[in-house]
Amino acid sequence: MSGILYICPTPIGNLGDMTPRALDALRDADVVCAEDTRVTGKILAHFGIDKRLERLDEAAISTLTPRYIRRLLDGETVAFCSDAGMPGVSDPGGRLVDAAIDAGVTVEVLPGASAGVTAYVASGFACPRFYFGGFFPRRDAERFAVLRSLSSLDAVLLFYESPNRLADSLAVVAAEYPYRRVAVCRELTKIHQEVYRDTSGAVSLEFARRMDQEGVKGEIVMVIEPPTDQERQAVCEQASQDASLVAAQLLAEGSISKKDVAKELQRQFGLSRNQAYDLVYQAQQS
């Protein structure tokens, strides 16, 4: 009979958020695997749990997972902890769970603290949908590409970010989403917890100032509100201006009919038939 893989959430800051079920699983385990043994070791020591602790981080997960699967199949009970929060969310635990399921091992996922969900609620952005994007990209080109791909998604956007990259990331958010509000949720559940919420431009300026003067510290979740009515109106106006230019250019070339110009505007800009024909008529008159 195979053992059990326990996925044990740990506090994102306040040790009082450790759940009784997670503590029981850690006590029952034959071995505790941890993304960082120093971090998990402090939790075990705080709660008086004496267990063998083994490192299973991003560098080791690919090579060591088969070994742990064999141990689970041989009947051992294994508990896995990430540095903080829910294992498997932007950490190597997901691959361990995937391999265990494929091998037919029983996996018990225990609910608990999650920085992303906590920040989603703390932001106050009232939308029943959210998109979790993990860690925000490091390079501006990739940041812009991600935000543009999500620009029409009617959901709160959540990203993890490091304090050293936060100011640069917020500058990109402000440039791409000038009409939205952003909440920077920092050090959640800890003594210096902060939820700083304002327009994207104001938040960008504030954390650029902090970075220049005293620096920024702590674990951070960047929360972006869904598209606003003002943003949708601006996008529609810009699309209409761009479509007018294209219509004028195509009509000036004289190579295609007004009907085909209208079809091209519908294809490129997602306009209705009537909107496209109105723009063709306006371009023709001008």
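Two strands count as paired if DSSP finds at least two bridges between them, and helices (H or I, at least four residues) and strands (E, at least two) are DSSP runs numbered from the N terminus. The structure is a predicted model, in which local features need pLDDT of at least 70, side-chain atom pairs count only at pLDDT 80 or more, and totals for chains, interfaces and linings use all residues. Residues are numbered from 1 along each chain as its sequence is written, and side-chain values use heavy atoms, with hydrogens and water left out.

**View 1. Strand E8 and its two partners.** Strand E8, residues 181-186, is joined by 6 bridges to strand E9, residues 194-199, and these two strands run antiparallel. Within this pairing, Val 184 stands opposite Tyr 196 of E9. E8 is also joined to strand E10, residues 220-224, by 5 bridges, again in the antiparallel sense, and here Arg 186 has Ile 220 of E10 as its bridge partner. E8 is mostly covered, since 5 of its 6 residues are buried, where buried means under 20% relative accessible area, exposed means over 50%, and partly exposed lies in between (1.4 Å probe, protein chains only).

**View 2. The open sheet of 5 strands.** The strands of this open sheet follow the order E6-E7-E10-E8-E9, and their pairing is mixed. Strand E6 (130-135) and E9 are the edge strands, each of which pairs on one side only. From one strand to the next, the twist averages 15°. At the E6 end, E6 and strand E7, residues 156-161, pair in the parallel sense over 4 bridges, with Tyr 131 standing opposite Leu 157 of E7.

**View 3. Helices H7 and H8 against each other.** Helix H7, residues 166-176, packs with helix H8, residues 200-213, at an angle of about 160°, and their axes are 8 Å apart. H7 is therefore roughly antiparallel to H8, a term used for angles over 145 degrees, whereas under 35 is roughly parallel, 65 to 115 roughly perpendicular and the rest oblique. Axes are lines fitted to C-alpha atoms, for helices over the stretch in contact, and angles run from 0 to 180 degrees between N-to-C directions. Among the residues that make the contact are Leu 170 and Ala 174 of H7 and Phe 207 and Met 211 of H8, contact meaning heavy atoms within 4.5 Å.

View 4. H7 lies across E7, E8 and E10, and runs at about 5° to E10. H8 lies across E8 and E9, and runs at about 130° to E9.

**View 5. Strand E4 between its neighbours.** In a regular strand the side chains alternate between the two faces of the sheet. From strand E4, residues 78-81, Val 78 and Phe 80 point one way while Ala 79 and Cys 81 point the other way, and all are buried. E4 is joined by 3 bridges to strand E1, residues 4-7, which runs parallel to E4, and Leu 5 stands opposite Val 78. Strand E2, residues 31-34, is joined to E4 by 4 bridges, also in parallel, and the bridge partner of Val 31 in E4 is Val 78.

**View 6. Arg 267 in helix H10.** Arg 267 is placed in helix H10, residues 258-269, and counts as exposed because its relative accessibility is 59%. The C-alpha atoms of Arg 267 and Phe 47 are separated by 62 Å, and these residues are 220 apart along the chain.
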